[in-house]
Amino acid sequence: MFALLNRLSVRNRIWGIVLIFIGSTVLGGALDVVLLRETLHQEKESAIRQVVDSGYGVLAHYLKLEQDGSLSRDAAQTAAMATIKGMRYNGDDYFWLNDDKTPPRMIMHPIVPAFDGQSLVEPRFNSATGLRSGTDGPFVATDGRKNILQAFAEVVAQTGDGYVTYLWPRTLPGGAYSEEKFPKLSYVKKLPAWGWIIGSGIYIDDIDAAVKARAGQNLLLLLGTSAVLLLLASLIARSITRPLQTTMGAMRGIASGKAGFEQRVAAAGPDEISELASNFNDMLDHIQARDQALLKHQERLEEEVSSRTASLRETNLKLDAELRERKLAEQAVLDSEERFRGIASVAQDAIIMMDAVANISFWNPAAEQIFGYRREEAVGRDLHALIAPQRFHADFRRGYLHFAQTGQGSAVGRAMELIAVRQDGSEFPIELSLSAIWLHGAWSSVGIVRDISERKRSEKELQENLERVQGLNQQLEAAQNQLLQSEKMASIGQLAAGVAHEINNPIGFVSSNLGTLEEYADDLLAIVEAYGKADHLLDAQPELRADIESLKARADLAFLSKDLHCLLRESHDGIERVKKIVQDLKDFSRIDNMDWAMANLEQGLDSTLNIVWNEIKYKADIVKEYGGIPLVECLGSQMNQVFMNLLVNAAQAIDGHGTITIRTGVADERVWIEIADTGKGIPLEVQKRIFDPFFTTKPVGQGTGLGLSLAYSIVQKHHGTLEVASEPGRGSSFRLEIPRRQPARQEAVAQAESVPA
């Protein structure tokens, strides 16, 4: 195809482009006409479907009234038929109703009442030309003699709605019909509950008229465009081919020898043809300049050959002198090698020399002793394959390849520690110092290797000792901080117990005085009430009676009598609350019992809750699920400290407001206590460290990281366990278990009981 195009002239190519454009315009016009017909038909379908859907909505409305019991079926159908009969759109267009029986009957025709109740089987009604069930897909053509009511019934039988095209006369003014029939599109939809089909139609003969008009417009446009394009193509072809013919004539004259390189082509204007002629002229200028340069270059070459011949004679004389000097230098090198071998033979470190491909060229006695290979076994072999571990071979070869090319590398000029392999396969550490030597036109290397196994063992022992000391220091620091925390809590407990003791005395006499005051108030109120019964005796002294009544009113004696008892009762309640708080402080601190003793842990939980209630009440609700655990041998104040740390941590883990659940129970000879919260939970990587001293996830200044560590230590002291179960986003649960009696004390009690009285 391209070969055919290449054989065409420029003029013919331009005409070809014009013809392709005209053909494309013709094809576009044809597609436009086809798409116009399809678009107009779809618009008609959409319009008639929306109209029929509105009528269908009226039928559905009356069907709902029937189903709701508002109307009987006959009343609903009569009202629906009357409404549909009166509906119009576009001026005179209407709806009709027919049924789905066999044969179908016209239920209501608003224009021709004579059709009502008829099957319309006359030949003039056999004019259906196309059917389509549903709203998508192609129309199925008929022979043009299908009954239109039968066609309506068939399309709704499959999908409940569809389209039918047929021929139907137009309605003339006055209600008459035209003799000529026109194509019409109807959309029908079935109401299954009544067996009715509602439909309406729209004439589509205007589609053909619009398509013909568009086709005429496209034809006129095509003719005008083609005429203009042909005229422009002729002018463009003429402007291109004439300058090209002039240029080609000049080229043929130069090629045939009839014209010399002095000939030039006229180039005027900014177009591509002028640019081609200008480039052709430039090419001729370059050819003339090249010929002149070649002549000058030939002359310089002859002069250069003469000069080089004289230079070669002088070079040969210098090479003879250098050859004598090199022989003297080689002898000096041999003497130097002898001295080097003498020094290397008595050195304590291995001295190894490698050539440019990493083969061993020198191997001293110390190398034999360190690596186990005799000189005869080592010389000539690849150093890396001989003494380097297999896993490092690739890295060593890459590094030595770079060294052989540049004389540089990471190991050159400095000491570095590596791993080597002895003849028996054992690995050991070495220290390597590498130097580069330019020898025989290539880079060689000399390495000094020292066995540092003993030094590494000493360093390892020192490091292990250092790590043990650091671990002991950390343990000592953690123990010291836990001891400080315990002493701090003990001091707080002593302070709380002292405050409770000091409060107890004034609270005692305030409580006693309140009781006495209540008795005095009752006596006074009884006397006042008795005086009130004698008020009638003052009728003879109205002034005195008025003064007494004024005093009663001013004091509001009736309210005072009731409120006084309320005030005393509230004061009693307040005193009792203070007593409870004081008792909780004493129970929490257990200053009166700092030794191992049997304690009620559930009571300790309640006391601790009262102490930390101010931290919890705004963050969580407390749910207690106590199992009634028995008395437990423990250090009560320290267990209260564990409870306090767990409860405060649970409250702080809750964002907003949540729930803290406290459960207790007994399992064999051990009691367990579980404190669960609905907070944000603890990630798995954090759970592994939460009992470590000084570990905290709180911001700086808000936590020491000792709370859970101290709690864990206290539980371990009680021969118990403290475990956590948590899921991020769903909360955490801490469960501690301790034995009812401590093992050592339990054995002591058993031995005491076994001694006979």
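A residue is called buried here when its relative accessible area is under 20%. By that criterion, buried residues make up 32% of the 757 residues in the protein chain of this predicted model, and in helix α4 they include Ile-148, Leu-149, Ala-151, Phe-152, Ala-153, Val-155 and Val-156.

**The chain as a whole**
- The protein chain contains 19 helices and 19 strands, and its accessible surface comes to about 46500 Å², with 57% of that area belonging to carbon and sulfur atoms.
- Of the contacts in the protein chain with a separation of 6 or more, 59% are between residues 24 or more positions apart.

**Helix α4 and its ends**
- Helix α4 covers residues 148-159, and because its 12 residues at 1.5 Å a residue should span 16 Å, the 18 Å between its end C-alpha atoms agrees with that expectation.
- Just after α4, Gly-160 adopts a positive phi of about 90°.

- Asp-349 is placed in the loop between α6 (272-346) and β8 (350-354), and it counts as buried because its relative accessibility is 17%, where the cut-off is under 20%.
- Leaving aside residues up to four places away in sequence, Asp-349 touches Asn-364, Ala-366, Ile-448, Val-449 and Arg-450, and its side chain is joined to that of Arg-450 by a polar contact of 2.8 Å.

Terms used. Residues numbered from 1 in each chain as written. Predicted model: local features only at pLDDT ≥ 70, side-chain atom pairs only at ≥ 80, totals over all residues. Heavy atoms only, no water. Helix = DSSP H or I, 4+ residues; strand = E, 2+ residues; numbered from the N terminus. Buried < 20%, exposed > 50% of the residue type's maximum accessible area, 1.4 Å probe, protein only. Polar contact = N/O pair within 3.5 Å; in protein donor to acceptor, adjacent residues only side chain to side chain. Contact = heavy atoms within 4.5 Å. Areas by Shrake-Rupley, 256 points an atom, 1.4 Å probe, with all protein chains shown as cover. Expected span 1.5 Å × (residues − 1).
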